[in-house]
Amino acid sequence: MLAATTGIIAVGLLVAGCTQAGPNEPVGEPRSGGTLTYASGDAEPSCLDPHVGGNFPQALVSAQYLESLVSRDSGGRIIPWLAESWTPSDDGLTWDFTLRDDVTFTDGTVFDAEAVRANIAHLQDPTTLSSTGYLALGKVAGVEAVSSTVVRFTLSEPDSALLESLSQPWLAMESPTALLRSQDENCASPVGTGPFIVESWVKQNAVTLVRNDDYVSPPADAGHSGPAYLDEVIWRFIPDSASRYAALQAGEVDVIDNAQPDTIMQAEQSDAIEQLDSPRPGAANRIELNSGQAPFDDVRVREAFIRSANVDDAVSSLFQGTATRSYSALSSVEATAVSNAALFDYDPAAAATLLDEAGWTESDADGYRVKNGVRLSVEFPVSTNQSIPAEQSVFEQIQATAKETGFEVKLAPLDLSSWYAALAANDYDAVSAPYTKVGPDVLRILYHSDSIVPAPSGYFANLAQVSDPDIDELLTTAARTTDADERRDLYSDAQDRILEGFYVLPLYDQQNHFLLRSDVVGLRTLPTVAVPTLYDAWLNR
Amino acid sequence: MAESVVRRRAALRVLGRLAGRLGGALFVLWAVASITFFAVRLIPGDPAQAVLGGPGSQASPEALAAVTAEYGFDQPVIVQYFAQLGRLATGDLGRSYALNMDVGPLVLSQLGGTLVLAVLSLALAWLLALALATWSTRGGLVAARVATSLEIVAAALPHFWLATSLIVVLSIWLGLLPPISTGGVAGLVLPVLTLAIPLAGFLGQIMRESLLTALESPFVLSARARGESERGALWIHALRHASLPAISLSGWAFGSLISGAVVVETIFARPGLGRTLLGAVTLRDVPVVIGVVMIVAVAYILMTLLTDAASRLVDPRLRLS
């Protein structure tokens with residue numbers, strides 16, 4: 001058993017090693033010009049301004065025309081972008097950001113402290129209907145322009161995640177002049193400082209972006225300075241995975257996202273197509289066990305379930321080496337992630353013993369464990385919008401192996417609205433829900449007991465329903481601690497407690513694979529939320 | 001005097017028939033709107049979430065309260081139903097919850113793509129079916145057998161399978177056609193083939209059967225006896241007779257093409273009503289779902305009237321009744 005597990009880890013490392021080298025080796029001097037067609041498998045945004053709502057499809061496209069105050073490098077350090085520097089006060093309640101003084105929005109409006117104030121006000125205005133940005137600014141009590149290049153954030157309590165929050169595309173800076181237009185207009189053509197400009201948007205077809213020739217403000221880790229190389233970007237929406245890949249093979253499009261394991265394996269046979277693997281930050285993909293109700297209110301039953309699930313074999317066979325098994329609640333791109341493989345060994349014998357101890361001693365005719373006449377059932381609603389086919393198959397494998405120990409896993413494939421409705425009704429024992437956020441503060445959102453209280457929409461993020469005062473204390477303190485080492489230790493302790501409490505069964509990082517034509521050079525993802533940036537990209541054709 | 005009475009009676013009969021048609025059409029539209037409204041509202045999912053950026057939005061309480069009040073989601077469903085019906089009665093399709101757009105312009109902007117797809121597919125299906133039917137009745141036993149098998153297989157092909165197979169063979173292996181819609185004529189070929197082939201199989205079966213019956217009928221025999229050529233007997237007499245059931249089925253076929261458009265538009269990434277509908281159902285975007293379904297219902301009603309008229313044109317017996 002141990003040997004098998006080690007083998008899988010070795011394969012996983014090998015794959016990770018290949019992809020980290022990056023597909024784009026330098027091929028001569030970059031050339032300007034040309035049109036790149038990007039095909040997204042994500043839903044078409046209903047609004048191109050990521051302040052409104054705030055989801056991943058918006059982040060993908062808006063990263064081409066909007067920019068944030070700060071960014072993050074591949075080592076996890078916050079780096080300058082539209083803000084050159086920043087200084088927190090000693091009590092952590094006041095942050096002064098010094099802004100670049102040479103940036104204008106593409107409508108000619110000057111980027112200055114007043115523009116930042118207007119953007120934060122826009123995000124915090126309930127009529128903007130912002131979700132993600134609004135949530136990230138929860139501790140921001142006020143913003144004022146100290147001078148034209150210095151803007152001051154006043155916080156209601158210290159926020160160690162402030163810079164990480166501001167690095168996200170959902171909090172990007174838009175022209176305050178453009179924000180004064182109606183929301184419909186701003187949704188159709190948001191105005192930023194980015195390397196491209198939204199020229200037109202034909203719904204259900206494509207967004208056309210053209211180069212911003214006056215561009216001056218790449219993030220500190222960009223590959224070049226000055227305007228982008230590409231003349232134009234056609235941003236298409238191709239929902240079907242097979243057609244998306246067929247369009248890439250035929251050369252109709254140059255880059256596709258949401259590449260599935262089978263197409264990635266096919267692409268590896270092709271010289272014309274390269275791969276870019278860039279796991280998303282925040283939480284790893286994991287199965288949350290609902291500790292708020294039977295049977296998973298008993299830690300022994302949670303551990304038994306985790307021990308009974310043969311995840312390693314399922315992941316390696318169904319993802320064919322394109323995904324690496326995770327043993328952490330956090331994404332592997334988070335420097336603060338704690339990984340503990342020993343907690344997740346597949347061990348049906350141990351699982352059986354644990355179930356005996358927990359009183360699930362009888363078995364019914366179908367081989368499922370029974371206690372006091374109740375069968376050991378696990379309701380597992382699956383979002384068919386969020387779980388790709390390979391992941392749904394992993395769940396089926398888990399269902400099959402857990403059955404051998406006596407768990408009846410009831411998988412219920414649901415569309416997104418029905419799935420959220422099932423969660424809001426507390427109608428689940430196990431669930432897998434992705435969560436993307438920059439930095440370890442995602443732990444507070446997912447595992448602090450405050451997050452069990454549903455929002456008015458019925459949504460709550462703590463789906464494992466972890467309610468542990470010690471974990472609460474660790475996460476609250478970490479969120480207020482700006483000292484990097486101290487903060488890391490606190491998050492480390494919190495993760496130990498979460499993993500050792502068997503609340504979650506980590507699967508793999510949130511998958512984020514791109515396939516591109518080999519003649520597309522210089523494409524990379526922003527290390528904030530792993531959306532691609534076409535700023536450095538050029539066509540070698 | 002007597003002549004004018006007859007004429008007036010005839011006019012009244014036509015008016016009565018028109019009124020009946022109109023009433024029927026209105027009833028269909030009302031039923032479609034009502035069933036759609038309750039169907040979408042009865043499946044789980046909160047429409048307020050569609051306004052706030054999709055299901056699972058972490059909207060602030062203030063934002064949610066504002067949306068709930070603005071759209072009247074706090075009203076009882078029956079009140080919302082009558083409000084929706086009232087708006088529809090005045091021709092107002094309302095505003096999309098999710099797309100920041102009025103439904104009228106949205107649906108109209110997507111209608112063209114789907115109509116082009118449906119009309120071309122129907123035309124191609126007719127051509128293919130006619131070709132198969134005539135060949136099978138004239139080409140002897142082998143032709144009849146081959147045509148029958150082709151029709152049965154074609155009629156049973158699911159759209160998603162056919163679409164993927166056509167992409168693999170014609171786009172990837174042979175490199176002849178773009179695998180996704182590109183806006184040009186080339187991008188239309190695969191979607192139209194996908195919709196036309198199964199329909200052609202279905203229409204072909206019906207046509208061949210009635211063609212065989214017609215060719216053995218006394219009127220064809222008498223035409224032959226009058227010295228009509230074999231080709232004339234087929235094209236002027238038999239086909240006219242044989243096309244009747246297929247014409248009346250075309251109204252139904254048009255409806256099935258629209259539902260096929262949901263699959264085809266998604267696979268080939270074509271803008272259109274089918275894709276709009278799919279997205280709207282996922283988000284519980286009630287006004288868009290109702291808007292699309294109403295437009296499809298109107299198209300369906302018009303198509304039925306057209307096939308009716310076409311049947312009368314082809315078959316003089318219907319004109320007399």
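User: What ground rules apply to the numbering and to the model?

Analyst: Residues are numbered from 1 along each chain as its sequence is written, while chains are lettered from A and ligands numbered from 1 in the order in which they are written. The model is predicted: local features need pLDDT of at least 70, side-chain atom pairs count only at pLDDT 80 or more, and totals for chains, interfaces and linings use all residues.

User: How many residues of chain B are in contact with chain A?

Analyst: Contact means that two C-beta atoms, placed from the backbone, lie within 7 Å. Here 42 residues of chain B are in contact with 40 residues of chain A. Elements are DSSP runs, numbered from the N terminus: helices (H or I, at least four residues) and strands (E, at least two). On the chain B side, H2 (47-51), H3 (61-71), H7 (159-173), H10 (230-267) and H11 (273-283) each give two or more residues. H3(B) has the largest share, five residues.

User: What is the order of the seven strands in the open sheet of chain A?

Analyst: Strands of a sheet pair through backbone hydrogen bonds, either parallel or antiparallel. Pairing requires at least two DSSP bridges between two strands. The order is S8-S9-S10-S1-S11-S21-S12 (chain A), and the pairing is mixed. S12(A) runs antiparallel to S21 (513-517) of chain A, with five bridges joining them. Asp277(A) has His513(A) as its bridge partner in S21(A).

User: Which residues of H14(A) are buried, and what covers them?

Analyst: Count C-beta atoms, placed from the backbone, within 10 Å of the residue's own: 20 or more others is buried, 12 or fewer is exposed, and in between is partly exposed. In H14 (416-424) of chain A, the buried residues are Leu416(A), Ser417(A), Trp419(A), Tyr420(A), Ala421(A) and Leu423(A). Their cover includes S17 (377-383), S18 (408-414) and S19 (430-432) of chain A, together with H11 of chain B. Just after H14(A), Asn426(A) takes a positive phi of about 60°.

User: Are Gln204(A) and Asn372(A) buried or exposed?

Analyst: Gln204(A) counts as buried because 20 C-beta neighbours lie inside 10 Å. Asn372(A) is exposed, with 7 other C-beta atoms within 10 Å. Phi is positive in both: near 65° for Gln204(A) and near 50° for Asn372(A). Gln204(A) sits in the loop between S8 and S9 (206-211) of chain A. Asn372(A) sits in the loop between S15 (369-371) and S16 (374-375) of chain A.
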